[in-house]
Amino acid sequence: MAIVLAVDLGTTATKVVAVDAQARVVASTERGYPMRTSGVEATHDPQQVLAAALDALQELASDDVQAIALTGAMHSIMGLDASLNPVTESLSWADNRAIEQTERLRGTAEGRELHRATGAPIHSFTPLMKLAWFHENGVRAAKWCEIKDFVHLHLTGELINEHSSGSGTGLMNIHTLQWHEPSLAFAGVTADQLPPLVEPTHSTPLKVAIPGLRPGIPVIVGGGDGPLGNLGVGAATPGAGAVSLGTSGALRVAQQGPGIDDEGRTFSYAIAEGLWVRGGAISNGGVVAQWAAETFGIPVGDLLSQAADADSDGLVALPYLLGERAPWWDPTAHAALLGLRREHTPQQITKALVEGVCQQLALVLDAVPHVESLRITGGAFRAPVWAQTLANALGMPLHLTEDTGGSAVGAALLAWRALGEIDSLTVDLVEPTQTITPDEDAVTRYAKARPFVAKAYRALEELYSEGNAPRT
């Protein structure tokens, strides 16, 4: 059976997934590694990530492999010397050391102009901000790249980036598909310090020896895990959306060409071949239920099951335990429980937290035009309360797809497209397993409550910005 090996470079592990031309996962393996955290810093050892990818590829290697394709967590950055050896660790998307640089740019005319040109939010996770931090702190490198670029370099000998991951850096002009000079100036780098930009279907021969793989098979450079997640769950047709929900979450809707929200609420990231996604990631998803379970001493599965039929009874949660991304893009956002009374139970508080996350995704949906359908995937949906509450908050039927490796499947489809085995990236080879229908009374109730959520966030932000808030 002809297969493609898709390499998904994740936050805590690299997965290699074998996918056939019908988008079926036929085998998979993964290798874990630590993300080193200290305060606001979150980094990986590039050599550990590379070793994990090579080891996992070797496990699934066979004569059936037609190509390798890459994807991975977006927004990483690392420095290389003139010999292309690492001189820094790889900063993860979760690294927030650039909060100061971000706060100086947020809400300014310069920040709005950079967002309009690059489609990336003004947030500390972007390489734009991390490079500005490096520059201000005297850290220099001959070249800068993302961790996926580094793995591609060691597979092929070619250091390149592509329009999908590049669109998440804050450094690429989404209208010209070139590095954006004003962004480079802000970050303190030059275009020749960054890899050349290519199409996500770009193919380079495999040059490293991996036992079991034929020398010279195509390595497809691939793209970012977010936009390729849409592709992997069959939501790449314009108007088709995908929601992923695990510890954090995201909502992305496919469209032809890039698109900018004038209020800066959403991102605009490329898939390939003129297909893009608009939407936003949220920092707080299933983590709010984990926090509640730890706080109340109830197993998380039991607590979510009990919360399913609970009424939050006027309790409103701003679930920003980890700051927040879309639509506020505020790493310093504070969580709050509004309307809390002594009689509120752990189940009611948990339901309010679930509602708060779903309302946050609804605020993202409100900022995206022309949404015709939504598919959902992710570990959180193993608890039915998440899917039903989300359907109610979004006001749309949700089509559940199995979480079989969406981003990796998307990368594999890029490879099959590059090999000429599929005619279009809008082909839908994924069959949903369940449809969740919203309750119309709940839809109305959540829609009426949503403006309160936005006003409460802004009021709390104003209180904290006055500088006399309690110590945290």
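The second largest pocket holds about 570 Å³ of space. The model is predicted, so local features need pLDDT of at least 70 and side-chain atom pairs count only at pLDDT 80 or more, while totals for chains, interfaces and linings use all residues. Residues are numbered from 1 along each chain as its sequence is written, and side-chain values use heavy atoms, with hydrogens and water left out.

A pocket is an open set of points on a 1 Å grid over the protein atoms alone, where a 1.4 Å probe fits and protein lies on both sides within 12 Å along at least five of seven lines. The volume is the space filled by probe spheres set on the points. Lining residues have an atom within 4 Å of a point. The second largest pocket has 26 of them. Glu263, Gly264, Arg265, Pro327 and Trp328 lie nearest its centre. By class, the lining divides into 10 nonpolar, 5 polar and 11 charged residues. Here Ala, Val, Leu, Ile, Met, Phe, Trp, Tyr, Cys and Pro count as nonpolar, Asp, Glu, Lys and Arg as charged, and the others, Gly among them, as polar.

Helix 3 (109–118), helix 11 (346–366) and helix 14 (440–465) each supply at least two lining residues. Helix 14 gives the most, with 6. Helices (H or I, at least four residues) and strands (E, at least two) are DSSP runs, numbered from the N terminus.

Pro327 also stands out in its backbone. The peptide bond from Ala326 to Pro327 is cis, with omega near -10°. Pro327 lies in the loop between strand 20 (316–318) and strand 21 (336–338). Trp329 is found in that loop too. Trp329 is not a glycine, yet has a positive phi of about 55°. Trp329 is buried (under 20% relative accessible area), at 2%.

Leu177, also not a glycine, has a positive phi of about 60°. Leu177 sits in the loop between strand 11 (172–173) and strand 12 (178–179).

Helix 9 (residues 287–296) and helix 10 (residues 300–307) pack at an angle of about 105°, with axes 9 Å apart. The two helices are therefore roughly perpendicular (65 to 115 degrees). Ala289, Gln290, Ala292, Ala293 and Phe296 of helix 9 make the contact (heavy atoms within 4.5 Å) with Val300, Leu303 and Leu304 of helix 10. This contact has 7 nonpolar, 1 polar and no charged residues.

Methods:
Axes fitted to C-alpha atoms, helices over the stretch in contact; angles between N-to-C directions. Parallel < 35°, antiparallel > 145°, perpendicular 65-115°, else oblique. Buried < 20%, exposed > 50% of the residue type's maximum accessible area, 1.4 Å probe, protein only.
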